[in-house]
Amino acid sequence: MPDNSDTSLHDNDPVIATVALKQLVCCGSDQTVRDAAILMRRHSISSVLIVAPDNGRVCGIWTAADTRKLDFGNPGTADTLLLNVMSSPVRSVKNSSRLSSAAGTMLQHGIRRLLVEDPSGKPVGLLTQSDIVRQQRIEFYLQFRDVSSCINKEPLHLQASLPLSDAVVQMHQHDADAAVVQFGNGEQGILTEQDLIGFLTQYDTNPAVAMLATTPLISISANTTLLQAVRLLTDNQLRHVAVRQDNRLIGLLSFNDILRNVEYAYVDQLRTALMARDVALRTSADYLRLAHKVIDASLDGIMITDHNGIIQSVNPSFCNITGYSLQEVLGQSPRLLSSGLHQTEFYRDMWQVLLQHGHWQGEIWNKRKNGELYPQWLTITAIRNEQQQISQFAAIFSDITERKQQEQKIHQLAYIDELTGLANRRMFFDRLQLSLANAHRHNHQLAVLFLDLDLFKRINDTLGHQAGDQALKEVARRISETVREGESVARLGGDEFTILLPEISQTDPLECLARRLIKQIEKPVRLLDQEFFLTTSIGIAVYPQDGVNAEQLVKHADVAMYQAKNSGRNQYCFYHASAGQQNVDELKLEQALREALRLQQLDVYYQPKFTLDSQQLVGLEALVRWQHPQLGVMSPALFIPLAEKLGLISTLGEQVLQRVCLQLTQWHNCTIPVSVNISALQLADSEFVTRLHHIIRLADVPPQRIELELTESCLIPEQAEQTQYQLTQLKALGFKLSIDDFGTGYSSLSYLRRLPIDTLKIDQSFVRDLPDNPGACQIVSAIIAMAKALGLDVIAEGIEHQQQLEFLRQAGCNQGQGYLVSAPRPAQEFAPLFKADITESG
């Protein structure tokens, strides 16, 4: 008759043949990844066996985890042969072996599956880790562990818009079998290996992660027990669930995480192994070996003490983590690991919980042999004998230094500028808020300095961002070395830095500091083996006169910094309320201009061009005017440069041209050309000629009725070929072309004579000084002579006196315009001159 204890032993450690095995699902090695994925989806499994097509023998295995090694950016990935991506050989075990032997093999080789063969070597099934764990019946221990003990790293976050290929690369790099997907609306989902399997069955594209992500993301609290988590995963057929602590996502939990971290399961095996010494009839050598294998293979440190707390045994991971050898700790008290960071009350409370409940779990700081302090997650369980008296204690712990470092990194990302190591915007404003409260309480001043590097964009554009980053780190170092202790330095972003002086009594030290900073920053910096020079503009705002809250102070320091830039750069400036008002006025004007262009509220006036001898009308110049309902009449000298600065000059120019074309369609009898001014920015636009032609064609206005006036500043030598090409196109379409403000630019005579120009226009700055200024007289005469030599018409602008007109006429100028004859006038005042004959036109 068999021994009852032997029967009990076999119940706890049955042969593999008595366990329900996974069905074998196979693919040929000459089949594709897509074929395998289809089978895995059909059978709801996470792996397939690969068989050789010639003899049908198992030659490899391909799992869901292997999808992370594929290149999803390659449209042909799903057609990859399994022969090229499978894992081989496949480890196997006989079905007559014990589960303990199978578990040891899995632990030894770090695998999750074993091929089960009959005595003849024929495959009969697949044994997984989960099969073994379910056989061990560890539910009792699972109910005393919460899920936070299984979370050892932050989850991988992916943006929903990220291409799938990039997402898979990140999952592979982070060794993550799942990732949290972040949508733009704040919703979260999850992407798993099973989603990748599903994708391989249907698509060859590289979509965004959002296409595959499962929503919503199901989550549980960090204090949920492992038993509850297992039931949730099983009942809902889930593979992962999110874990949250205080509304913060701390990790993703899978069944595999639970399998790897069930410390109570180890304790159960330890208890059985220790009882084998005293109760030999209830255990066996195989089970004892299994317990030792589990203990030795565990990545967690394990320590066994007697009921007095004297160390009896430790596993290899204990030695690796603490630095102590087995011989050094046997017979010692665990106090040799004490960090000294915890008070006596901490240990007293720990022992009270342990003796009352039989176990204690929590975070504790201990010390390695080399003196290094480190955090660990510790579980202590009391082991009782048959009389229910505590005979031993089993302690299981893991080093959570990496988790702590990740938490620290998260803190740094939130408050520290990653490039320079300085405080970032968030930390700076936190410090400023505290300093303001202190300044208000104690009635003293504080100051904020705002630094911006002058023309820093040139370094990024010419040397690249790596050199720019190097320069920013050097500037950060110099600023930090210049300020005194207690003065906070931060990088707000880009090339903007701020300094907080939490307490000042007068402003003289601020000027000294600003000068020191300017002197330090303007020292040469070496980039790419060359020396470069940087300068900075500094704005200073003082509490309480320049602002009473953080936003006001930083804003006003920023305003003062721009005043320093406008004053020539490489200097400092204190905030003045008038400067802030000027910025406000500029902002108002900018918004008003945008609104005026949107509503097409700008008007067009026309100034006559006339012959100097008979004052006969020979043309009109269209001039833009702006009457704002609240701001009044706005000078073109104010809003045209603003339009150029804001990139609105093309819109403004096209609106003027459209208004002129509409006016010409109403002036049926107008045969003289109307000139329209063109800016350098418009001429630099490669689409300008096309849009111009479209406007006049839409209005049915012949190009010959439009004259385009270009300022001499349009003739930039660097854009000579582009300009000549554009002007040649315009001339070919029939437009007349003239150079406005001639004599004020830098066009060369050789360049000028290659351009298809019809007219030169003498700038009014020369006409204004005629005829009393000999220099102006010589310049004007030279321009007229040059124009005639080139075969060009010449016209003088800004004629206000008869003496000016007489000089110009005698010098050979035939045409002019100016207030002597007519100021710019509204379109309706020219209507009588160009009134159509309705009968004839009909």
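This is a predicted model: local features need pLDDT of at least 70, side-chain atom pairs count only at pLDDT 80 or more; totals for chains, interfaces and linings use all residues.
**Two packed helices**

Two packed helices are described by the angle between their axes and the distance between the axes. Helix H18 covers residues 465-482 and helix H19 covers residues 508-521; they pack at an angle of about 145°, and their axes are 10 Å apart. The crossing of H18 past H19 is right-handed. On the H18 side, the residues that meet H19 are Val-475, Arg-478, Ile-479 and Thr-482. Their counterparts in H19 are Leu-513, Arg-516, Leu-517, Gln-520 and Ile-521. Sorted by class, this contact holds 5 nonpolar, 2 polar and 2 charged residues.

**An open sheet**

Strands E1, E2 and E3 form an open sheet of 3 strands, in the order E1-E2-E3, with mixed pairing. Strand E1 (26-28) and strand E3 (58-63) stand at the edges with a single partner strand each, so one side of each has no neighbour in the sheet. On average, neighbouring strands of this sheet are turned by 35° against each other, direction ignored. E1 pairs with strand E2 (residues 47-51) in the parallel sense, over 3 bridges. Within E2, Val-51 stands opposite Gly-28.

**Salt bridges**

Side chains of opposite charge can pair when their charged atoms come close. The count for this model comes to 31 salt bridges. The table lists some of them.

| Residues | N to O distance |
|---|---|
| Glu-595 and Arg-598 | 2.7 Å |
| Lys-761 and Glu-621 | 2.8 Å |
| Arg-691 and Asp-685 | 2.6 Å |

Glu-595 and Arg-598 both belong to helix H21 (residues 577-598), where they lie 3 residues apart, about one turn of the helix. Glu-595 counts as partly exposed because its relative accessibility is 33%. Arg-598, at 57% relative accessibility, counts as exposed because the cut-off is over 50%.

The salt bridge between Lys-761 and Glu-621 links distant parts of the chain: Lys-761 is in strand E31 (residues 759-762) and Glu-621 is in strand E26 (residues 617-628), 140 residues apart. Are these two residues buried or exposed? Lys-761 has 1% relative accessibility and so counts as buried. Glu-621 is also buried, with a relative accessible area of 5%.

In the pair of Arg-691 and Asp-685, Arg-691 is partly exposed at 28% relative accessibility. Asp-685 is partly exposed too, with a relative accessible area of 22%. Elsewhere, salt bridges that share partners join Lys-609, Glu-621, Glu-707, Glu-709, Lys-761 and Glu-797 into one network.

Conventions:
Residues are numbered from 1 along each chain as its sequence is written. Side-chain values use heavy atoms; hydrogens and water are left out. Axes are lines fitted to C-alpha atoms, for helices over the stretch in contact, and angles run from 0 to 180 degrees between N-to-C directions. Helices (H or I, at least four residues) and strands (E, at least two) are DSSP runs, numbered from the N terminus. A crossing is left-handed if the near helix is turned anticlockwise from the far one by less than a right angle, and right-handed if clockwise. Contact means heavy atoms within 4.5 Å. Ala, Val, Leu, Ile, Met, Phe, Trp, Tyr, Cys and Pro count as nonpolar, Asp, Glu, Lys and Arg as charged, and the others, Gly among them, as polar. Two strands pair if DSSP finds at least two bridges between them. A salt bridge is a side-chain nitrogen of Lys or Arg within 4 Å of a carboxyl oxygen of Asp or Glu. Buried means under 20% relative accessible area, exposed over 50%, partly exposed in between (1.4 Å probe, protein chains only).
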